[in-house]
Amino acid sequence: MELQQHSLLQKRIGIMKTVAWFMILWLVLAYARVQIWKGREMQKLALAQAVKTRTTPAPRGLIFDRNTNKLVDNRRALHLVIQFEDLPRDSGQIEALAAALQTDPDQLKRRVVAIRQAAGNRMLVLQDNLDDASLARAEVLRARFPFLSIEVAPRRVYLGEDLAGHALGYVGEVTPEELAKEPGRYQLGEIIGRTGFEAARNDRLKGVDGQRRILVDYLGREVATYGVQEAKPGRSVYLTLDAGLQTTLKEAFGQVQGAGVVLDLRDGGILALYSSPSYDPNVFLNRLTQDQVGKYWNNPDRPMLNRVTQGRYPPGSTFKLLVAIAALEKGIITPSTTFTCAGHKSFYGRDFRCDAVHGTLNLVQAIAQSCDIYFYELGARLDVDDIYNTAKKYGLTELTGVDLPHEVRSRVPSRAWKREVKKEKWYAGETISVSIGQGANSLTPIALARFYAMIATHGKLLTPHLLYGVRQENSNDIDLYQPPAPRETGLDSGIWATLDEGLYQVVHSGTARESAIPGLTMVGKTGTSQVTSFVDKAHYATLSKKLRDNALFAGYAPRENPQIAFAVVAENAGFGASSAAPIARKLCQYWFIDRMKKPLPPPGAKLPDAFRLDPDQAGEDEPPR
Amino acid sequence: MRERLRFLDSGMLLPMVLMVIMGTLTVYSAGRGTSQSGLWLKQSLWNALAFMVLAGVAAINPMRTFRSALMLYLLGCMSLAAVLVAGHRIGGAQRWLVLGHLTWQPSELMKWLTLLFVAHRLGTRPPRDVTGWDLAGASMLVFFPMLLVLKQPDLGMAISFLPILLLIPLLKGLRARWVIAGLVAVSLLGFFSWRQVLKPYQKQRVMTFLDPAADLQGKGYQINQSRIAIGSGGLFGQGFTSGSQTQLNFLPVKTTDFVFSVWAEERGFLGVLLALGLFGTVIMRILDTARVAKTASETYFCVGAAGIIALHLLVNVGMVIGLLPNKGIVLPFFSAGGSSTLSYFLGLGVVMAVRYRAKMK
């Protein structure tokens with residue numbers, strides 16, 4: 001090579017070396033900036049995407065009856081979910097997922113947005129309670145949509161199925177409306193009691209969710225766990241219900257629609273509560289199919305209505321005792337006052353009829369024979385506000401305070417009520433109807449039972465309740481629930497004796513004598529309330545079922561030492577004596593006789609396990625394989 | 001054995017071997033618990049083979065090597081054509097020839113064969129007599145295989161042919177009008193290729209480079225994860241096989257394109273300094289060899305070799321930290337891959353042969 005050329009090349013190679021060093025220096029500075037200046041920030045980012053906090057839903061408290069028969073259990077179920085941090089942002093992805101799940105893409109998008117905007121890192125549940133087949137399908141989906149995951153969460157199992165559907169209620173995800181109504185009370189996606197006892201005592205049943213800090217890989221799959229804060233399960237709760245009595249009540253109703261409730265006279269505990277038709281709460285844990293919506297929500301028989309606390313029925317003759325109290329307290333009659341029943345009588349220019357010609361009766365006989373004329377006579381002598389004030393005094397115009405949601409208030413008419421609600425003045429003739437429990441009278445079965453419990457206890461107004469006690473956290477002892485103290489109404493003992501005698505005669509010699517139980521003095525009053533306007537009983541057979549009378553029976557047992565009070569309504573079943581009283585008879589037969597003879601029947605298929613009550617084991621049944 | 005080893009230049013070989021060991025360890029760490037857990041072993045075998053090839057090539061007189069340059073260049077072009085006709089397709093790109101259990105990427109070797117042939121052609125006459133036409137012809141020799149590679153498509157690999165053109169400023173100096181003409185040509189070419197040539201995924205990469213934060217889960221994901229990995233390495237690193245970004249698979253293509261991120265995460269800034277220092281040492285050694293080379297062809301070859309290695313270093317190490325667009329380009333000595341390892345050792349074997357002859361006087 002020529003020297004000149006050679007030195008030129010040498011020079012240029014020298015420049016290249018310098019350029020190379022500068023290049024390397026540039027890289028060194030760039031790395032120094034990211035690794036040293038921004039190192040901490042990047043470490044935080046790395047941790048943020050690798051370490052996640054997952055909420056472990058706490059199992060709700062188990063529910064037992066008063067004899068530790070398990071009514072509601074938990075088991076572990078698998079859900080197909082999207083964890084909070086994995087929620088897809090790409091609308092195309094959401095649409096593809098919606099297509100794969102065969103759901104509405106817009107709805108899925110709204111749910112994704114709702115979860116993202118809410119606090120608390122909740123996951124989005126796409127499919128709950130996966131069975132084996134849908135678990136396999138979910139795994140296939142997960143391969144296509146890596147942001148999906150499968151989460152284990154506790155799930156309710158209502159062991160008795162439709163045994164006590166209305167009493168227990170069911171659980172479900174909190175709705176956006178509920179979230180908006182009481183901000184801060186619930187978290188998005190929280191499972192809360194939707195109705196029944198589950199809703200009424202949600203705060204007692206729910207536990208404290210746990211937290212789990214986990215290490216995840218880029219697909220959000222859990223690689224390691226550290227920092228587990230265990231979920232605290234809700235405490236087990238005991239109901240005042242007696243599974244055996246409840247079963248008896250349910251079976252006594254059979255296909256008949258109506259309601260029945262039995263109260264423990266010691267404290268107002270509800271021993272049985274059944275609304276027919278009942279429902280199986282397990283159904284409502286899943287999204288309802290169209291058929292199920294029709295069957296449960298759009299059914300004219302209204303199976304979702306808890307008839308015991310939400311169904312109002314004209315009380316019919318069961319109301320006569322209140323009218324008797326009003327008349328006795330007002331001094332209009334004495335127990336020995338007699339009226340003569342000729343089968344019908346005219347009041348205020350209108351002819352009122354009785355179902356028989358009873359002749360001359362005193363009050364006890366009138367109650368026993370359920371003579372309408374006798375009480376028409378009382379109605380003619382009483383003002384409607386007298387009846388109303390008496391009803392108010394004895395608790396019929398207030399809510400019973402039962403621990404079930406959405407209780408409906410019973411209605412006893414008054415002048416003020418008619419003026420406010422109907423914008424009309426009260427006509428004296430209406431009082432005649434009211435005095436035999438017709439007209440605008442409308443009582444819930446639980447209020448009726450409470451009224452008869454009041455008579456049975458010589459004037460104590462109890463608060464009906466389902467909560468019996470809550471198991472202590474670290475032992476098998478039960479913290480017993482202290483129901484509100486009964487309210488003394490000051491029922492005169494003379495009046496009480498007359499009523500008691502009247503009710504005794506109903507079953508002993510009166511309308512319900514066929515329902516008497518040998519060796520047990522069940523007492524009570526029948527009632528037959530018209531669903532439509534008065535129709536002669538001769539036409540009874542031609543009436544369609546819907547228009548037939550409701551049958552009622554309310555009372556207590558045993559007479560000498562009352563322990564339970566009850567109210568039974570059989571809808572469209574005809575006479576109280578022939579339809580409702582036999583149900584009450586079966587209740588007493590079970591409670592006082594059969595129960596003592598044989599061991600407790602289990603609710604559903606599960607055997608009662610009274611002696612093994614470990615709270616940890618209770619929720620730890622094996623998941624389905 | 002000693003006879004053979006005397007051809008080797010320890011000043012270049014030592015940093016190379018160190019980097020290969022570092023790279024293989026990094027591949028081991030990156031492959032742990034994935035389908036690539038055995039890749040480090042495979043890479044070790046390639047390394048051993050590459051070392052033997054290096055020793056063999058270093059013993060050959062460069063003049064003899066240059067004599068077969070034309071034939072090798074033609075063979076290389078044919079292999080690229082073969083790839084386009086019968087190549088193995090992975091993920092939309094047809095870049096590989098499959099021979100039994102081996103997959104071979106001919107474009108890796110073709111860089112070096114092109115450099116060899118171009119250096120040989122330009123070196124046959126005195127530098128002063130090299131005309132503009134000669135340079136244009138040499139450029140065509142570079143562009144032809146580049147186009148074949150672009151067709152695969154493999155933009156990153158095509159770009160790694162460009163350092164061969166460094167020979168032009170080496171011979172003619174850096175003239176203002178050339179620079180301007182080059183810039184105009186590049187911008188015209190850029191505009192044209194944006195409209196016509198670039199595939200959507202390539203456009204995405206450019207967009208991602210311009211605004212990496214725009215879509216962190218989508219296109220910017222790789223660079224973002226890589227930056228987090230590098231940054232969380234800090235000064236001392238997370239430790240061998242302990243980088244969370246690597247081990248939890250947040251880092252993409254971590255045994256090849258993003259292998260340096262693994263190194264940076266697990267070994268920290270000190271490890272980065274070591275690696276860059278070793279690269280600098282190798283590049284300087286090659287350029288020193290270019291200075292002492294006996295013939296012009298040898299000088300040109302060495303300058304081109306230094307250019308190729310420097311370009312890979314710049315583009316890969318700059319890319320993983322977000323300084324440059326995300327191009328599929330490997331890092332010599334670190335990234336797993338038989339074709340590239342073998343090709344680099346082969347190319348540097350020639351450089352060592354040049355150095356040995358120059359030292360012999």
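## Exercises around A:Phe566 and its surroundings

A:Phe566 touches A:Gly260, A:Val261, A:Val262, A:Ala449, A:Ala554, A:Gly555, A:Ala584 and A:Leu587, leaving aside residues up to four places away in sequence. Here two residues are in contact if their C-beta atoms, placed from the backbone, lie within 7 Å.

Before you start, note that this is a predicted model, in which local features need pLDDT of at least 70, side-chain atom pairs count only at pLDDT 80 or more, and totals for chains, interfaces and linings use all residues. Residues are numbered from 1 along each chain as its sequence is written, while chains are lettered from A and ligands numbered from 1 in the order in which they are written.

**Exercise 1.** Find which residues have the most contacts inside the largest nonpolar core.

*Solution.* Start with the terms. A nonpolar core is a set of buried Ala, Val, Leu, Ile, Met, Phe, Trp, Tyr and Cys residues joined through C-beta atoms within 7 Å. A residue is buried if 20 or more other C-beta atoms lie within 10 Å of its own, exposed if 12 or fewer, and partly exposed in between. Next, look at the core itself: it has 119 residues, and those with the most contacts inside it are A:Leu239, A:Val261, A:Leu263, A:Ala449, A:Tyr452, A:Phe566 and A:Leu587. Helix H19 (residues 445-456) of chain A gives the largest share, ten residues. Finally, another core of 115 residues lies apart from it, with B:Trp46, B:Leu251, B:Ala310 and B:Val330 among its members.

**Exercise 2.** Describe the side of chain A that touches chain B.

*Solution.* First, the contact takes 34 residues from chain A and 41 residues from chain B. Then see where the residues of chain A come from: helix H1 (3-37) and helix H2 (39-50) are the elements that give two or more. H1(A) has the largest share, 19 residues. Last, sort by class: this side of chain A has 21 nonpolar, six polar and seven charged residues.

**Exercise 3.** Work out the strand order of the open sheet that three strands of chain A form.

*Solution.* Helices (H or I, at least four residues) and strands (E, at least two) are DSSP runs, numbered from the N terminus, and two strands pair if DSSP finds at least two bridges between them. The order is E1-E8-E9, with antiparallel pairing. Strand E1 (51-56) and strand E9 (222-229) are the edges, each pairing on one side only. Now zoom in: six bridges join strand E8 (residues 210-216) to E9(A), and A:Arg212 has A:Val228 in E9(A) as its bridge partner.

Conventions:
Ala, Val, Leu, Ile, Met, Phe, Trp, Tyr, Cys and Pro count as nonpolar, Asp, Glu, Lys and Arg as charged, and the others, Gly among them, as polar.
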